[in-house]
Amino acid sequence: MGFLDKVRASFARFMAGRYGVDQLSYAMVIGALVMTVIGALSGLGILTLMADALLIVVFIRILSRDRLRRAHENQVYLEKTQKIRRATTEWINRVKNSKKYRYYSCPKCKTRLRVPRGVGNVTITCKSCGEKFDKKA
């Protein structure tokens with residue numbers, strides 16, 4: 001067993017029974033990073049101190065043995081940010097697929113619809129409400 005294997009095994013023993021990293025922890029780390037950058041650029045040292053305090057809270061959550069409470073905190077965070085996370089994911093997918101597809105909104109129910117690019121004039125039927133409308137793809 002090599003040195004790195006021993007370190008990995010001892011770290012695994014240390015982390016056994018602890019909560020670990022979740023989506024709320026990632027969000028808090030990103031928030032701390034943003035606060036640090038803004039504090040450094042604006043010269044507000046209080047933002048850097050707040051970012052450090054936030055990172056301490058993140059480490060406490062990661063090393064916590066109260067798994068149920070941390071899971072509940074994460075679940076509340078996920079419920080509160082669901083709309084924002086969904087909208088961000090949809091926007092990222094639209095940017096990734098912008099060369100392959102055109103995106104339209106149904107004039108009746110505002111559902112987002114995807115049509116392959118380059119097919120010319122097409123009649124789009126909304127899958128949600130059945131509304132038909134013509135667009136150029």
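This is a predicted model: local features need pLDDT of at least 70, side-chain atom pairs count only at pLDDT 80 or more; totals for chains, interfaces and linings use all residues.
Which backbone oxygen lies 2.9 Å from a polar atom of the side chain of R18?

1. The backbone oxygen in the opening question is that of F14, which lies 2.9 Å from a polar atom of the R18 side chain. The side chain of R18 also reaches the backbone oxygen of L63, at 2.8 Å. R18 itself sits in the loop between α1 (3-15) and α2.

2. Is R18 buried or exposed? Its relative accessible area is 16%, and because the cut-off for a buried residue is under 20%, R18 counts as buried. When neighbours within four places in sequence are set aside, the residues in contact with R18 are I62, L63, S64, R65 and R67. As for the distance from R18 to Y101, the two are 83 residues apart in sequence and their C-alpha atoms are 45 Å apart in space.

3. S64, one of the residues that R18 touches, belongs to the loop between α3 and α4 (67-80). S64 is buried as well, with a relative accessible area of 10%. A polar atom of the S64 side chain lies 3.0 Å from the backbone nitrogen of D66.

4. How do helix α2 and helix α3 pack, in terms of angle and axis separation? Helix α2 (residues 23-42) and helix α3 (residues 45-63) pack at an angle of about 165 degrees, and their axes are 8 Å apart. Because an angle over 145 degrees counts as roughly antiparallel, α2 is described as roughly antiparallel to α3. The crossing in which α2 passes α3 is left-handed.

5. The contact between these two helices is made on the α2 side by L24, S25, M28, V29, G31, A32, M35, T36, I38, G39 and A40, and on the α3 side by L47, T48, M50, A51, L54, L55, V57, V58, R61 and I62. Sorted by class, the contact of α2 with α3 has 15 nonpolar, 5 polar and 1 charged residues.

6. L47 is one of the α3 residues in that contact, and it is buried, with a relative accessible area of 18%. Leaving aside neighbours within four places in sequence, L47 is in contact with M35, I38 and G39, which are listed among the α2 residues of the helix pair. The C-alpha atoms of L47 and R102, which are 55 residues apart along the chain, are separated by 42 Å.

7. F59 also lies in helix α3, but F59 is exposed, with a relative accessible area of 51%. F59 and V21 are 38 residues apart in sequence, and their C-alpha atoms are 9.1 Å apart in space.

8. At what angle do α2 and α4 pack? The angle is about 70 degrees, with the axes 8 Å apart, and α2 and α4 are therefore roughly perpendicular to each other. In this contact, Q23, L24 and A27 in α2 meet E73, N74, Y77 and L78 in α4. By class, the contact of α2 with α4 has 4 nonpolar, 2 polar and 1 charged residues. L24 is listed here and also in the contact of α2 with α3.

9. R8 is found in helix α1 and counts as exposed, at 54% relative accessibility. The C-alpha atoms of R8 and N74 are separated by 27 Å, the two residues being 66 residues apart along the chain.

10. Most residues other than glycine have a negative phi. K110 counts as exposed, at 58% relative accessibility.

Notes: Residues are numbered from 1 along each chain as its sequence is written. Side-chain values use heavy atoms; hydrogens and water are left out. Axes are lines fitted to C-alpha atoms, for helices over the stretch in contact, and angles run from 0 to 180 degrees between N-to-C directions. Helices (H or I, at least four residues) and strands (E, at least two) are DSSP runs, numbered from the N terminus. Angles under 35 degrees count as roughly parallel, over 145 as roughly antiparallel, 65 to 115 as roughly perpendicular and the rest as oblique. A crossing is left-handed if the near helix is turned anticlockwise from the far one by less than a right angle, and right-handed if clockwise. Contact means heavy atoms within 4.5 Å. Ala, Val, Leu, Ile, Met, Phe, Trp, Tyr, Cys and Pro count as nonpolar, Asp, Glu, Lys and Arg as charged, and the others, Gly among them, as polar. Buried means under 20% relative accessible area, exposed over 50%, partly exposed in between (1.4 Å probe, protein chains only). A polar contact is a pair of N or O atoms within 3.5 Å; within protein, one must be able to donate a hydrogen and the other to accept it, and residues adjacent in sequence count only if both atoms are side-chain atoms.
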